[in-house]
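Biologist: I would like to learn how to read a model of this kind, feature by feature. Could you take me through the general idea each time, and then through the case at hand?

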Amino acid sequence: MKNSLWSGREMKIDLVDDEPIIRELYKTVIESSGFDVDCFADAEDYIAYANSDEYTPPNVALITDVCMPGKSGYELIDEIRKSHPKQKVVVLTGTPHNDSNHKTKACFYLQKPVSTKKLITVIELLSACTSTGNTDLASECKKQSDLDIFDIHDWKCPLQSNSSLIEER
């Protein structure tokens with residue numbers, strides 16, 4: 001059964017992680033919650049897809065690992081935002097203190113390993129934001145994000161703090 005919160009459109013998530021076991025686990029959990037998931041092994045694969053005629057931007061979020069061979073998740077986000085500045089993003093990493101690029105604004109910052117329950121909670125919040133355009137969820141989003149672990153103390157919802165991320169309605 002597909003998640004039908006957004007006007008009958010399928011709710012799509014793109015997941016980029018170089019760890020096959022993590023990719024498959026998260027894909028299975030996310031799909032069992034009613035979302036479509038496309039998986040990619042690294043930033044280069046995703047960028048090639050994003051530059052192809054087959055590309056359909058995820059309407060829920062791009063979820064990306066940070067530490068991957070080749071380009072990092074932050075570099076991936078920066079590249080995608082050049083052509084899709086409104087793209088919602090979730091950052092995943094097992095080494096948040098080694099990740100110094102917090103100029104890249106994400107909706108969520110999560111430390112690996114992420115419990116499947118927390119991952120689904122985050123996706124449901126993003127889905128609610130997508131389906132209703134409700135940016136009033138920021139306080140709940142902030143609670144779910146691992147901001148202190150990432151040493152981020154000035155986080156604001158990208159949809160509220162960056163007008164280039166607000167979808168035209």
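Biologist: How many residues are in the chain, and what percentage of them do the buried residues make up?

Modeller: This is a predicted model, and in it buried residues make up 50% of the 169 residues in the chain. The chain holds 6 helices and 5 strands, and, read along the sequence, these follow the pattern β-α-β-α-β-α-β-β-α-α-α.

Biologist: Which residues touch the most other members of the largest nonpolar core?

Modeller: The general idea is that in soluble globular proteins nonpolar side chains tend to be buried together. Here the largest nonpolar core has 41 residues, of which Ile30, Ile63, Val90, Val91, Phe108, Tyr109 and Ile123 touch the most other members. Two or more residues come from each of several elements, among them β1 (12-16), α1 (20-32), β3 (61-65) and β4 (89-93), while the largest share, 7 residues, comes from α4. A second, separate core of 12 residues includes Tyr46, Ile47, Ala50 and Ile80.

Biologist: Where does Cys129 lie, and is Cys129 buried or exposed?

Modeller: Cys129 lies in helix α4, and because its relative accessible area is 10%, under the 20% cut-off, Cys129 counts as buried. The C-alpha atom of Cys129 is separated by 8.4 Å from that of Val60, although the two residues are 69 residues apart along the chain.

Biologist: How should I read the salt bridges, and how many are there?

Modeller: A salt bridge requires a side-chain nitrogen of Lys or Arg within 4 Å of a carboxyl oxygen of Asp or Glu, and by this rule the count comes to 9. One of them joins Lys112 and Asp65, whose closest N and O atoms are 3.3 Å apart. Lys112 lies in the loop between β5 and α4 whereas Asp65 lies in strand β3, so this pair ties together parts that are 47 residues apart in sequence.

Biologist: Which residue forms a salt bridge with Lys118?

Modeller: Lys118 pairs with Asp146, the closest N and O atoms being 2.6 Å apart. Since Lys118 is in helix α4 and Asp146 in the loop between α5 and α6, the pair ties together parts that are 28 residues apart in sequence. Lys118 is partly exposed at 22% relative accessibility, whereas Asp146, at 13%, is buried. A further salt bridge joins the side chains of Glu140 and Lys143 (3.6 Å, N to O), and these two both lie in helix α5, 3 residues apart, about one turn of the helix.

Biologist: What should I look for in the backbone?

Modeller: In general, most residues other than glycine have a negative phi, and most peptide bonds are trans. In this chain the peptide bond from Lys112 to Pro113 is cis, with omega near -5 degrees, and Pro113 is found in the loop between β5 and α4. Asp151 has a positive phi of about 60 degrees although it is not a glycine; Asp151 lies in the loop between α5 and α6 (158-161) and, at 51% relative accessibility, counts as exposed.

Biologist: Which residues gather in a patch of negative charge on the surface?

Modeller: The patch consists of Glu44, Asp45, Glu75 and Asp78, and the elements that give two or more residues to it are α2 (43-50) and α3 (73-83). Asp45, which is found in helix α2, counts as partly exposed at 40% relative accessibility.

Key: Residues are numbered from 1 along each chain as its sequence is written. This is a predicted model: local features need pLDDT of at least 70, side-chain atom pairs count only at pLDDT 80 or more; totals for chains, interfaces and linings use all residues. Side-chain values use heavy atoms; hydrogens and water are left out. Patches are made of residues with over 30% relative accessible area and no salt bridge: like charges are joined within 9 Å, nonpolar side chains (Val, Leu, Ile, Met, Phe, Trp, Tyr) within 5 Å. Accessible areas come from the Shrake-Rupley method with a 1.4 Å probe; for residues, only the protein chains shown count as cover. Lys and Arg count as positive and Asp and Glu as negative; His and the chain ends are not counted. The place of a charge is taken as NZ of Lys, CZ of Arg, CG of Asp or CD of Glu. Helices (H or I, at least four residues) and strands (E, at least two) are DSSP runs, numbered from the N terminus. Buried means under 20% relative accessible area, exposed over 50%, partly exposed in between (1.4 Å probe, protein chains only). A nonpolar core is a set of buried Ala, Val, Leu, Ile, Met, Phe, Trp, Tyr and Cys residues joined through side-chain atoms within 4.5 Å.
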